[in-house]
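Dear colleague,

I am passing on the structure we spoke about, together with some notes on what turned up when I went through it. Please read them with the coordinates open beside you.

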Amino acid sequence: MTNTSSAKKHGQDQPELSGPTPKSHRTKMGKSEDTDKKNLGKKLKDVEISIPIVYGNIAFWLGKKASEYQSHKWTVYVRGASNEDLGAIVKRAVFQLHSSFNNPTRVVESPPFELSEAGWGEFEIVITLYFHSDVCDKPLNLYHHLKLYPEDENSSMSTKKPVVVEFYDEIVFPDPSEAFLSRVQNHPAVNVPRLPPGVTLPPPIPVEDASKRRKGDTKDHPLTQWFTNFSEADELLQLAAARQQLFRPSSVFYQVQAHIAKLRRQISLIDGQHHQHFKSSSDQ
């Protein structure tokens, strides 16, 4: 927050958050209204397009340059999960900051969709994404709690290593327009599904020469070294590791089975001892 804020250092007077977004989170957008959308062409039923994104913040402590009201420089952003340009899908992003900031509603009209500021307090930022007309006519709100200080209160702050908090999400667009799918079918930020039998798309729109078009990706962003890697390969490796752990003899499943077998053996022994005792008694 800025020097006009009356909020506490760690934002205790801010609205309670619903908790962090899980890594596997998928946000399914509502279907767009057809009103005044005559130029979008046919809708592709039972088809979904997904856009992996990452949103969060990076905060640098100012160290000796820190003042009472400006202890950190921070950047909040929405980026492609692998740093692709989101400009083909997102038209603009609106960042709603704490009311103590001058002009707290910040509009970013083109990628990269980010905002940098300086302050001393943590608070919730609402990030509203507006999409191009052939993508979706409904905006999407993301809620991010700005983090400036390490999670571990005993950790010492460093001017060289920032605090990084990022969350992965997949925005899912059901029944996309043919125009949308045709426009982004070769775009690296878009997961395009296999089309149903009999559905064909027009030829993809040629991509302008890279030297002539404005670069909107974050591959060469100065903060790239601090970005979290949310690649699909990492996800697959984690799933494979979990599957391997599940079927290892030392897994919980097999431990439970072994314990059940042990109990059954003990019950059988007890039953046998009781049977032998009753037999001895009857013989006497």
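Ile 125 has His 144 in β8 as its bridge partner. Please keep in mind throughout that this is a predicted model. The pairing belongs to strand β7, residues 124–131, which is joined to β8 by six bridges, the two strands running antiparallel. These strands are part of an open sheet of four, in the order β5-β4-β7-β8, with antiparallel pairing. Its edges are formed by β5 (105–108) and β8, each of which pairs on one side only, and neighbouring strands of the sheet are turned against each other by 20° on average, with direction ignored.

Lys 147 counts as buried because its relative accessibility is 15%, below the 20% cut-off. Leaving aside residues up to four places away in sequence, Lys 147 touches Asn 57, Ala 59, Glu 122, Val 163 and Val 165.

The other residue to look at is Thr 75, which sits in strand β3, residues 72–80, and is likewise buried, with a relative accessible area of 10%. Its contacts, again without residues up to four places away in sequence, include Asn 57, Ile 58, Leu 115 and Leu 223. Glu 114 is also touched by Thr 75; the two are 39 residues apart along the chain, yet their C-alpha atoms are separated by 6.7 Å. With Ser 116, finally, the side chain of Thr 75 makes a polar contact of 2.7 Å.

Notes:
Residues numbered from 1 in each chain as written. Predicted model: local features only at pLDDT ≥ 70, side-chain atom pairs only at ≥ 80, totals over all residues. Heavy atoms only, no water. Buried < 20%, exposed > 50% of the residue type's maximum accessible area, 1.4 Å probe, protein only. Contact = heavy atoms within 4.5 Å. Polar contact = N/O pair within 3.5 Å; in protein donor to acceptor, adjacent residues only side chain to side chain. Pairing = 2+ DSSP bridges. Axes fitted to C-alpha atoms, helices over the stretch in contact; angles between N-to-C directions.
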